[in-house]
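Visitor: I would like to learn how to read salt bridges in a protein model. Please show me the structure and take me through some cases.

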Amino acid sequence: MPHNIETVFAPDLYKFHNKCPNVVLIDVARFTSTMVTALANGAVCVETYPDKETPLRLKREKGYLIAGEYQGLNIDGYDYNNSPISMTRPNVEGRRMAFCTSNGTYARSIVTDYEAIFAASFLNSSAVARRLIQENKPVMFLCSGRSRKPAIEDILLAGQLAEKLIESGGFQTGDESTNMAIQLYNLAKDNIKAFTLSMYPRMAYIAGRHPAFAADIDFALGNQDIFDIVPMENEKFSFVAS
């Protein structure tokens, strides 16, 4: 019998969904895009924290490289913003990393009742789909959203992944949120970035004022399947490439 797919549009809706053994964390703009890029470029691990202080302590005491943002702004003392284009091999290879972000690391902090947690972006979507098909278990796509509200780009990725799983024949869904995500993805799939900006004009406004953010959005929304890795937790709150 095909396995079920659940899609959670924002973290505060998590409690209303059926729990699944495999959870996929999604924060396209920008945390999971940044995580995927860091691990693909040789970071040893990416640890996630909901508070700003723990990464600072890990930097002081253990030499971690730390990155993130709070409400979109740089955090004093952090090495990098939550920026996928900053996660180059010279910057991150061989380093243990700790992150705090407004949405992605918060979303991870609320997950309970799971067997495995993965992270997805458009940058590694096909690799994630293949892994979930191999795992052959029910799946939840947890969208990190924006300020506790749904974010269109997260929903589009959930729809893309859900469609790939259903097409494999091993998955199905009776979940209304998943069906909505698939429909939205099919409206947007010819140009994910343009569709996202049309649905969320403030992102376009911010990108117009901040070239570095614009470059992050171009990278995270304008590329598909450039990495063949799947971040997976090997210890609680610590993701490694698999």
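Guide: A salt bridge is a side-chain nitrogen of Lys or Arg within 4 Å of a carboxyl oxygen of Asp or Glu. This is a predicted model, in which local features need pLDDT of at least 70 and side-chain atom pairs count only at pLDDT 80 or more, while totals for chains, interfaces and linings use all residues. Residues are numbered from 1 along each chain as its sequence is written, and side-chain values use heavy atoms, with hydrogens and water left out.

Visitor: How many salt bridges does the structure hold?

Guide: There are 11 salt bridges. One of them joins the side chains of K59 and D79, at 3.1 Å from N to O.

Visitor: Which parts of the chain does that pair link?

Guide: Helices (H or I, at least four residues) and strands (E, at least two) are DSSP runs, numbered from the N terminus. K59 lies in helix 2 (residues 53–62), and D79 lies in the loop between strand 4 (65–68) and helix 3 (89–92). The two are 20 residues apart, and the pair links distant parts of the chain.

Visitor: What about K137 and E115?

Guide: Their side chains meet in a salt bridge of 2.8 Å, N to O. K137 is partly exposed at 29%, whereas E115 is exposed at 54%.

Key:
Buried means under 20% relative accessible area, exposed over 50%, partly exposed in between (1.4 Å probe, protein chains only).
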